[in-house]
Protein chains: 2
Amino acid sequence: MLKTKKSVKRELILAEAAKLFKDRGYSGTSMRDLAGQVGMEAASMYNHIKSKDELLDTICFRISDTYISQLREIEHTASPYSDKIKALVRLHIQLMVEDSAAVSVANHDWKYLPEPRLTEFKQARKTYEKGFAALIEAGIAAGEFRPVNASVALFTVLSAVRWVELWYRPGRGLTAQELENNIITVLLGGLEQH
Amino acid sequence: MLKTKKSVKRELILAEAAKLFKDRGYSGTSMRDLAGQVGMEAASMYNHIKSKDELLDTICFRISDTYISQLREIEHTASPYSDKIKALVRLHIQLMVEDSAAVSVANHDWKYLPEPRLTEFKQARKTYEKGFAALIEAGIAAGEFRPVNASVALFTVLSAVRWVELWYRPGRGLTAQELENNIITVLLGGLEQH
DNA sequence: CCTACCGATCGGTAGG
DNA sequence: CCTACCGATCGGTAGG
């Protein structure tokens, strides 16, 4: 019972931390800022968390774990490579729309992770990128995709999805579905008419 | 003579500041870190600069001025819209390759600008985005581009170019030319075969 | 361009 | 969960 209440408070702190880290950056956010947002004194938060570093660590690795487990699932489906790539693009957009603060922190503030977690995070990201690139290369080998440089295609696709976090506001004209469809059209079909 | 030497030193400080801000963020970089990189004491830098804020301001507005003046030039050329978009994509990639630290700071740390410069920077960015989006819409109206949502296409293109700053290292397999050509192929032609 | 230093704020702990 | 407080570090200034 007590344990449950504490973990609820801990989740609240994590959620507010993600928002503040997104808006002001990890270094730009003080534990007193965060405490104010949560509604307690800075010292009191240390009953729920170990340190500022630990907040960043939890936020970053939850996101990277999600990406990697979803990639594994998609790898094991039997469908065309273009469908696999589309599914990954939709995954990125959905996560960004659902949990934009945490995704943003994992994208920008991971560099403040202290060792050895910094190295572990970079390795997780590399694992994900290699799996994604392998799908693109397989798609090229299968004749589904143009013979572009797979790394360039990978990063073009991955990054094309990242400004969603900066400008997309749900309910301002465009639904998440329309957003997905438009981005996939540009990335898979290209801007030009054929 | 003295004036020249001072401005040379000032440019050195600006260049090192851009590198540190890129690597550690604006808030994560102390004036003592920067002084160490430049080779003087923190207090001595204030003979060349006014404040830490002023460094950020100069870096950010130099970049936004460059983008806007180049956009104006491209707008006034008489060429197909797809060529105009390609020229803008090449401009982004070239600036990123040539001056990746400053571009990175203008992309990520502008939010630490103090008012009223923060508002001015946002306005400059909006001006650029509107000009870029207008070219995409004109291209759609002219039948050159698919009828996608122009805002989505704009941000997909703009952001597709941003991971260049994170992973591209000159002379590691890919030249800047090959990079440009591959990115343009994916964005304009699409990943899928047609 | 340096030494010496300012007040403010940082992440975190002690003790209740 | 709070008050009180720690040593460290921050951006910046005075004065030479």
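Predicted model: local features only at pLDDT ≥ 70, side-chain atom pairs only at ≥ 80, totals over all residues.
User: OK, and how many helices and strands does chain A have?

Analyst: Chain A has 10 helices and zero strands, and from the N terminus on its elements run α-α-α-α-α-α-α-α-α-α.

User: What does the C-alpha trace span along its principal axes, and what share of the residues is buried?

Analyst: The C-alpha trace of chain A spans about 60 × 40 × 35 Å along those axes, while buried residues account for 50% of the 194 residues in the chain.

User: Switching to packing, at what angle do α4(A) and α5(A) pack?

Analyst: Helix α4 (residues 52-75) and helix α5 (residues 81-98) of chain A pack at about 155°, with their axes 10 Å apart; because angles over 145 degrees count as roughly antiparallel, α4(A) is roughly antiparallel to α5(A).

User: Which residues of the two helices make the contact?

Analyst: From α4(A) the contact takes A:Thr66, A:Tyr67, A:Gln70, A:Leu71, A:Ile74 and A:Glu75, and from α5(A) it takes A:Lys84, A:Ala87, A:Leu88, A:Leu91, A:His92 and A:Leu95.

User: How do those residues divide into nonpolar, polar and charged?

Analyst: Seven residues of the contact of α4(A) with α5(A) are nonpolar, three are polar and two are charged.

User: And where does UniProt place the "DNA-binding region"?

Analyst: The unreviewed UniProt entry places that feature at residues 30-49 of chain A; in the model this span is 60% helix and 0% strand, and its end C-alpha atoms lie 15 Å apart.

Terms used
Residues numbered from 1 in each chain as written. Chains lettered and ligands numbered in written order. Heavy atoms only, no water. UniProt positions renumbered as here; feature names shortened; annotations may be inferred. Helix = DSSP H or I, 4+ residues; strand = E, 2+ residues; numbered from the N terminus. Axes fitted to C-alpha atoms, helices over the stretch in contact; angles between N-to-C directions. Parallel < 35°, antiparallel > 145°, perpendicular 65-115°, else oblique. Contact = heavy atoms within 4.5 Å. Nonpolar A, V, L, I, M, F, W, Y, C, P; charged D, E, K, R; others polar. Buried < 20%, exposed > 50% of the residue type's maximum accessible area, 1.4 Å probe, protein only.
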